[in-house]
Amino acid sequence: MIGRVRSRTSRSGIGIITIALPLTMFVILSFTASSFFTAQNLGNVGNQITALLIVSLGQLIVAVSGGVDLSVGSMLSLTSAIIVTFDPAIVIPLAIAAGCVLGAVNGLGVAVFGVHPLVMTLATATFVQGLTLLVSPVPGGVVAPAIEALAHGRLFGLQPSLYWCTAAILLCWLLLSRSAFGLRLYALGANPRNASLNGVKVVGPIIACYVLCSLAAVAAGIFLTARVSTGDPTIGAAFGLDSITAIALGGVQLSGGVGSVPGVILGVVTLGLATNGMNLLGVSPFLRMAATGLLLLGAVSLQRRKTIGV
Amino acid sequence: MSDTAERSRGLRLLNMATALPIAYAGTLILLLCAYMFRPALLSPLLLLLIIRQAAPLGLAVIGQSLCMRILSIDLSFGGVAMGVSYILTSGYIPGGEGALIACALLFGAMVGLANAFFIVRLRASSVIVTLAMGLLLTGIVIAFSQFRAPGDAPALLKYIGQSRVSGVPLAPLIWLALLIPIAWFLKRSVLGHYIDAIGANPRAALATGIPYGGIVVLVHVASSLFAVFSAFLLVGFVGMGSLDIGRDLALNSLAAVILGGVTFGSGRGGVLGPAVAAFMLTFLFNLLTSFGLGEPSKLMLQGAIIAVAAIAYSARTKT
């Protein structure tokens, strides 16, 4: 009995479906799409999911604390706009500073003023999207070679996306599973009142979560802009919902306290394979949008919550 | 969250006497601004036009405020509006105008039911569910419209959207005609009290035997239907189908509801507060356009207004 209860409330949130879904997709795609199981295409999938993985890991940190961040997409776009607009020497510090400010504003709104994270981040997402369009109204611009090298240069003959993924995974794992900060975060997400009564500070860690999440979006923005070698003020539009879909598929509970880095990796791979598969099978991009919606609905239905509502 | 709500009940009563929804002050400030810098906007003709323009948002806001009162939210308005626009104008569906309108209403009810199913039965977060539903509907409609572009709107809706009754546009009259009975109904009916009870404390409401799940279903169906009405007016204004219809409806309705003094679990601003806020937002966008501000600045202001209103509201109700 105790064993059952423990497995049900497992902190990682990884269930049978979390693991079976990407595996099944992989097998099905290997058989149905002839060009799927080629080194070229698998490399493409890796490239395509890198940015999503980085953003989703950021989203995981916020989700573990019991929040959600819809502003990651706008932050990613803003990073892209900054990179092609300003002097190459200052663009990365500038983007990081912007990420810190956005994260701090989100965190302050949520932790200090008690605004619902969705309302707060939806508002900042709108603001930042406006700012992005102000900085760079149309797609285009040139990315400095030094920044381009971040996604094109091959170190030891390996894809740069591999380094980005490894670094992001390692950082996030260390933070959540091997640090006191991570432990406190799980406690806060599971029950903020209990955590606070046990001496866990609430405001600081929550703000830190949102800052880290925005910084993840900045990192993803730098990688993505370097990879496509041009700026686009709406490049991140889909990332807010995609990252939530990915972590929900990875067994992360959006009510907080449950989620893990391996789960998020599985979720991102699932979503990446779904997108790649539909690409290979020639499904219209708009139907792919609908499919993301469907996947998201399926993913949140798998989670059992007690409360009805937001 | 419920703990802070309980603790602040005393304060909330005190606040109720002193504080009105931000929308009232905001509208006054905007009108003053217009009086000083753009007096032309205050001419009766333009004001009536702006009120007419606010009517679709006003209808959507009623649905959104109902959802938020019971601690839920509906972000699928954009998808619903697009779906309605496509049903009305694509020519796929045979039959007269009546059949088309009935179809659109049925579609709205189905979306509301689907939302409610996920939210009540599967206990999924309403934000995610309705966002996903919006994504799903938008994707399907855009994919379909590649095969068949939207055409003309039904004549009846064009008439409603564009005609006037002794100088007053019909659309705001319809808005008013829906607003007043709903305000009265929410204040007087058992259902209205149930909604307030659920917002104040869902667990207590459930424990006292209030049909919690049923009311959430009802509210979500109503909310989607209001989105359908809103889309009717929008399609009527434009006169033909468009894939742009209702794009900002979800976000703007959320902004208006918060500005109007209604937030998760609290209907303090009533029905009037959000309605005034819907006018305020529409007036603001017109004012900004008259100042020559473009889309980016509008988005920034919109975001800032939602954030500031939400922060001000939360700060006021917090102990």
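Author: Leaving aside neighbours within four places in sequence, Ala310(B) is in contact with Val115(A), Val119(A), Met120(A) and Ala123(A), and also with Ile258(B). The model is a predicted one, and in it Ala310(B) is named together with Ile54(A) as having the most contacts inside the largest nonpolar core, a set of 200 residues. Helix 11 of chain A, residues 203-228, provides the largest share of this core, with 17 residues.

The contacts of Ala310(B) with residues of chain A lead on to the interface, where 41 residues of chain A are in contact with 48 residues of chain B. On the side of chain A that touches chain B, helix 6 (117-135), helix 12 (239-249) and helix 14 (285-302) of chain A each supply at least two residues, and helix 6 of chain A gives the most, with 13 residues. Sorted by class, that side of chain A consists of 24 nonpolar, 13 polar and 4 charged residues.

Within chain B, the packing around helix 6 can be followed in some detail. The axes of helix 5 (residues 77-89) and helix 6 (residues 97-121) of chain B come within 9 Å and cross at roughly 155 degrees, so helix 5 of chain B and helix 6 of chain B are roughly antiparallel to each other. The crossing of helix 5 of chain B with helix 6 of chain B is right-handed. From helix 5 of chain B, the residues that take part are Val80(B), Gly83(B), Val84(B), Ile87(B) and Leu88(B), and they meet Leu100(B), Cys103(B), Ala104(B), Phe107(B), Gly108(B) and Val111(B) of helix 6 of chain B. The residues of this contact between helix 5 and helix 6 of chain B comprise 9 nonpolar and 2 polar, with no charged residue.

Helix 6 of chain B also meets helix 12 of chain B (residues 212-238), the two axes coming within 8 Å and crossing at roughly 145 degrees, again in a right-handed crossing. Among the residues that make this contact are Ala104(B), Gly108(B) and Val111(B) of helix 6 of chain B, and Gly213(B), Val216(B) and His220(B) of helix 12 of chain B. The residues of the contact of helix 6 with helix 12 of chain B divide into 14 nonpolar and 7 polar, and no charged residue is included.

In the loop between helix 6 and helix 7 (126-145) of chain B lies Arg123(B), which has a positive phi of about 55 degrees although it is not a glycine. Most residues other than glycine have a negative phi. Arg123(B) is partly exposed, because 17 other C-beta atoms lie within 10 Å. In chain A, Ser229(A) lies in the loop between helix 11 and helix 12, and its phi is near 60 degrees, a positive value in a residue other than glycine. With 15 other C-beta atoms within 10 Å, Ser229(A) is partly exposed.

Leu188(A), found in helix 9 (residues 180-190) of chain A, counts as buried, with 26 C-beta neighbours inside 10 Å. Not counting residues up to four places away in sequence, Leu188(A) touches Ser65(A), Gly66(A), Ala195(A), Val200(A), Val202(A) and Pro205(A). Leu188(A) and Ile147(A), 41 residues apart in sequence, are 38 Å apart in space from C-alpha to C-alpha.

Notes
Residues are numbered from 1 along each chain as its sequence is written. Chains are lettered from A and ligands numbered from 1 in the order in which they are written. This is a predicted model: local features need pLDDT of at least 70, side-chain atom pairs count only at pLDDT 80 or more; totals for chains, interfaces and linings use all residues. A nonpolar core is a set of buried Ala, Val, Leu, Ile, Met, Phe, Trp, Tyr and Cys residues joined through C-beta atoms within 7 Å. A residue is buried if 20 or more other C-beta atoms lie within 10 Å of its own, exposed if 12 or fewer, and partly exposed in between; C-beta atoms are placed from the backbone. Helices (H or I, at least four residues) and strands (E, at least two) are DSSP runs, numbered from the N terminus. Two residues are in contact if their C-beta atoms, placed from the backbone, lie within 7 Å. Axes are lines fitted to C-alpha atoms, for helices over the stretch in contact, and angles run from 0 to 180 degrees between N-to-C directions. Angles under 35 degrees count as roughly parallel, over 145 as roughly antiparallel, 65 to 115 as roughly perpendicular and the rest as oblique. A crossing is left-handed if the near helix is turned anticlockwise from the far one by less than a right angle, and right-handed if clockwise. Ala, Val, Leu, Ile, Met, Phe, Trp, Tyr, Cys and Pro count as nonpolar, Asp, Glu, Lys and Arg as charged, and the others, Gly among them, as polar.
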